[in-house]
Amino acid sequence: MSSHVPSPRSTSGRPRELLSQDHVRIERLFTELLGAFATGDREAIASEWTRFDEALRAHLDAEEVHILPLFRAVDVDEAARIAEDHAYFRGKLGELAVCVDLHVVSLPMATEFVDRLRAHAAREDALMYRWADTHLEHPASTSIGEKLTSLRPAMSLQ
Ligand SMILES: [Fe+2]
Ligand SMILES: [Fe+2]
């Protein structure tokens, strides 16, 4: 199974760019998972699922470790909304893992998940990422980048 999704190359290295590129990659991985599903190739489905699951969990973890605690101090309500969305995504990953195993992922289920991911991405970009770009020190950007699977060059992507 070869890699289909090129690793993004950040130009600014700032949190907003790193994380926005990762949103795009995560959505592509989900599309590829659905593509694998359409072929019925169990090995491809399992491989695409692992890539998607790892990428999304790493993204959520990076935000929760490096941004959300600091952002919460300036906007507690917005931080709570973001944390609620993250809880929803983790719950859905658990549900989807079962559905993927059983080969019963439906189009409405997939569409709902992608719509929620897009809404969450837009929400983060409007406030939290802009705040992070102007308030986080450079080491935080490095730490975020190290967590994202899109920036781990050789990690199980070949
Ligand atoms: Fe998030
Ligand atoms: Fe995000």
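At what angle do the axes of helix α4 and helix α5 cross? The angle is roughly 155°, and the axes come within 11 Å of each other. Helix α4 covers residues 76-102, and helix α5 covers residues 107-126. Angles over 145 degrees count as roughly antiparallel, so α4 is roughly antiparallel to α5.

This is a predicted model.

**Overall fold**

The protein chain has seven helices and zero strands. Its elements run α-α-α-α-α-α-α from the N terminus on. The chain has 158 residues, and buried residues make up 25% of them. Among contacts with a separation of 6 or more, 73% join residues 24 or more positions apart.

**Helix packing**

| Helix pair | Crossing angle | Axis distance |
|---|---|---|
| α4 and α5 | roughly 155° | within 11 Å |
| α2 and α7 | roughly 155° | within 9 Å |
| α1 and α5 | about 175° | 11 Å |

*α4 with α5.* The crossing is left-handed. From α4, the contact takes I82, D85, Y88, K92 and C99. Facing them in α5 are M109, F113, R116, H120 and E124. By class, this contact has five nonpolar, one polar and four charged residues.

L96 also lies in helix α4. Is L96 buried or exposed? L96 is buried, because 20 other C-beta atoms lie within 10 Å. L96 and M109 are 13 residues apart in sequence. In space, their C-alpha atoms are 8.7 Å apart. M109 is one of the α5 residues that meet α4.

*α2 with α7.* Helix α7 spans residues 138-147. The angle of roughly 155° between the axes of α2 and α7 makes this pair roughly antiparallel. Here the crossing is right-handed. On the α2 side, the contact residues are A58, D61, A62 and H66. They meet A140, S143, I144 and K147 of α7. The residues of this contact divide into four nonpolar, two polar and two charged.

*α1 with α5.* These helices pack at about 175° and are therefore roughly antiparallel to each other. Helix α1 contributes R16, S20, H23, I26, E27, F30 and L34. Helix α5 contributes A110, V114, L117, A121 and D125. By class, the contact has seven nonpolar, two polar and three charged residues.

**Nonpolar core**

How many residues are in the largest nonpolar core? The count is 25. L29, L33, F52, A55 and M128 have the most contacts inside this core. Which of the elements gives the largest share? Helix α2 does, with eight residues.

L33 is one of the residues with the most contacts in the core. Leaving aside residues up to four places away in sequence, L33 touches E48, W49 and F52. F52 is also among the residues with the most contacts inside the core.

**Summary**

The chain is built from seven helices and zero strands. Helix α5 packs against α4 and also against α1. The α4 and α5 crossing is left-handed, whereas the α2 and α7 crossing is right-handed.

Conventions: Residues numbered from 1 in each chain as written. Chains lettered and ligands numbered in written order. Predicted model: local features only at pLDDT ≥ 70, side-chain atom pairs only at ≥ 80, totals over all residues. Axes fitted to C-alpha atoms, helices over the stretch in contact; angles between N-to-C directions. Helix = DSSP H or I, 4+ residues; strand = E, 2+ residues; numbered from the N terminus. Parallel < 35°, antiparallel > 145°, perpendicular 65-115°, else oblique. Left-handed = near helix turned anticlockwise from the far one by under 90°. Contact = placed C-beta atoms within 7 Å. Nonpolar A, V, L, I, M, F, W, Y, C, P; charged D, E, K, R; others polar. Core = buried A, V, L, I, M, F, W, Y, C linked by C-beta atoms within 7 Å. Buried ≥ 20, exposed ≤ 12 C-beta atoms within 10 Å, placed from the backbone.
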